[in-house]
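Take a look at the fold below. We will go through it step by step, from a pair of charges to a pair of helices.

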Amino acid sequence: MSGRGVWLRARARLRRFPAALAACGDQAAAYGRCVATAAAGPAELRRDSCLEEFQALRECFARAVRLCPS
């Protein structure tokens with residue numbers, strides 16, 4: 001049994017990533033700002049502190065991947 005098919009599918013997904021990222025620039029920027037702000041303070045970065053922004057980015061990626069040609 002070969003893992004070749006797994007690698008081919010993974011490469012195909014990775015090739016679509018730049019287009020998905022370009023389509024979700026606003027959401028990626030909002031998430032990045034949130035993480036940078038949360039990490040810049042004296043307190044530690046906590047899990048789920050930017051959950052809303054992350055979910056918006058994740059949903060945008062999912063939509064963009066469905067719309068991007070394979």
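A salt bridge is a side-chain nitrogen of Lys or Arg within 4 Å of a carboxyl oxygen of Asp or Glu. This is a predicted model, in which local features need pLDDT of at least 70 and side-chain atom pairs count only at pLDDT 80 or more, while totals for chains, interfaces and linings use all residues. Residues are numbered from 1 along each chain as its sequence is written, and side-chain values use heavy atoms, leaving out hydrogens and water.

The structure holds one salt bridge. It joins the side chains of aspartate 48 and arginine 47, at 4.0 Å from N to O. Side chains of opposite charge can pair when their charged atoms come close. Arginine 47 has a relative accessible area of 78%, so it is exposed (buried is under 20%, exposed over 50%, partly exposed in between, with a 1.4 Å probe and protein chains only).

Now turn to the helices. Here a helix is a DSSP run of H or I, at least four residues, numbered from the N terminus. Helix α1 spans residues 4-23, and helix α3 spans residues 51-67. Leucine 8 is in α1. Its relative accessible area is 40%, so leucine 8 is partly exposed.

Which residues of α1 meet α3? They are Arg16, Phe17, Ala20, Leu21 and Ala23, and they meet Cys60, Phe61, Ala64 and Val65 in α3 (contact means heavy atoms within 4.5 Å). Eight of the residues in this contact are nonpolar, none is polar and one is charged.

How values were computed: Axes are lines fitted to C-alpha atoms, for helices over the stretch in contact, and angles run from 0 to 180 degrees between N-to-C directions. Helices (H or I, at least four residues) and strands (E, at least two) are DSSP runs, numbered from the N terminus. Ala, Val, Leu, Ile, Met, Phe, Trp, Tyr, Cys and Pro count as nonpolar, Asp, Glu, Lys and Arg as charged, and the others, Gly among them, as polar.
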